[in-house]
Amino acid sequence: MSVISQKMCLVGDFGVGKTSLIRRFVDDQFSDEYLSTVGVKISRKAVEVTLNNQTQQKVQLLIWDLEGHTKFKSIAPSYLQGAKGALIVADVTRPETIESLTNHIELFTSVNPKGAILLALNKTDLVEPNTIESLTNLAEKQASDRVFGIYQTSAKTGKDVDTIFSDLVLKMLEAR
Ligand SMILES: Nc1nc2c(ncn2[C@@H]2O[C@H](COP(=O)(O)OP(=O)(O)OP(=O)(O)O)[C@@H](O)[C@H]2O)c(=O)[nH]1
Ligand SMILES: [Mg+2]
């Protein structure tokens with residue numbers, strides 16, 4: 001079976017849980033400690049997915065963990081180049097991180113017009129279900145047609161973490 005190499009990026013405001021989602025997916029670990037990412041860190045993971053026509057495909061994922069965006073510092077567009085997909089992350093305990101989803105979506109799409117985007121509303125272990133619901137509605141308003149789904153995740157409990165990565169990989173392969 002041939003192996004395809006695919007690049008994806010994790011994008012979002014600082015502290016929303018980008019590094020934690022990757023750590024949960026790649027190592028199945030979580031830490032409450034906050035070590036802010038400086039620049040970019042690339043992780044690798046081999047996954048196998050089932051395509052629409054039922055064939056198995058091996059994928060070598062290159063997961064680019066980008067440092068959080070702030071009002072004063074936006075991420076370098078060159079980091080996004082060549083990515084077939086992005087996981088754009090917000091933090092349900094900080095609604096302002098949901099409001100900045102639009103900027104992240106626009107930046108990623110300007111570099112990769114055909115790239116697939118998944119929105120992850122993270123840290124759902126910390127808030128009530130009705131709060132999550134109203135924030136999901138807010139996120140829906142930010143979504144463009146490149147966004148194929150909005151997921152509610154927790155890097156702490158592992159909720160939907162494998163799902164966001166595998167669903168994004170499938171969309172990235174479709175867009176090829
Ligand atoms: N309770 C809870 N805490 C989380 C979750 N995800 C991340 N955190 C915590 O939030 C803080 C920031 O997480 P990071 O993964 O470092 O966030 P980041 O988006 O990579 O941050 P930058 O690299 O600074 O952009 C850490 O203290 C994590 O332990 C989650 O799903 N639930
Ligand atoms: Mg980080």
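This is a predicted model: local features need pLDDT of at least 70, side-chain atom pairs count only at pLDDT 80 or more; totals for chains, interfaces and linings use all residues.
View 1. Surrounding ligand 1 are 23 residues, each with a heavy atom within 4 Å of the ligand, and the closest are Ser20, Ser31, Tyr34, Ser36 and Asp125. By class, this shell around ligand 1 has six nonpolar, ten polar and seven charged residues. Helix α1 (residues 18–27) gives the most to the shell, with three residues; helices are DSSP runs of H or I with at least four residues, and strands are runs of E with at least two.

**View 2. Polar contacts of ligand 1.** A polar side-chain atom of Thr19 lies 2.8 Å from an oxygen atom of ligand 1, a polar contact being a pair of N or O atoms within 3.5 Å. Taken alone, ligand 1 exposes 660 Å², of which the protein buries 94% (Shrake-Rupley areas, 1.4 Å probe).

**View 3. The largest pocket.** Ligand 1 takes up the space of the largest pocket, with more than half of its atoms within 2 Å of the grid points. A pocket is an open set of points on a 1 Å grid over the protein atoms alone, where a 1.4 Å probe fits, with protein on both sides within 12 Å along at least five of seven lines, and lining residues have an atom within 4 Å of a point. The largest pocket holds about 700 Å³ of space, the volume filled by probe spheres set on the points. Of its 32 lining residues, Thr19, Ser20, Ser31, Glu33 and Tyr34 are the closest to its centre. Helix α1 supplies the largest share of the lining, seven residues.

**Notes.** Residues are numbered from 1 along each chain as its sequence is written, while chains are lettered from A and ligands numbered from 1 in the order in which they are written. Local features need pLDDT of at least 70, side-chain atom pairs count only at pLDDT 80 or more, and totals for chains, interfaces and linings use all residues, with side-chain values using heavy atoms and leaving out hydrogens and water.

Note on methods:
A polar contact is a pair of N or O atoms within 3.5 Å; within protein, one must be able to donate a hydrogen and the other to accept it, and residues adjacent in sequence count only if both atoms are side-chain atoms. Ala, Val, Leu, Ile, Met, Phe, Trp, Tyr, Cys and Pro count as nonpolar, Asp, Glu, Lys and Arg as charged, and the others, Gly among them, as polar.
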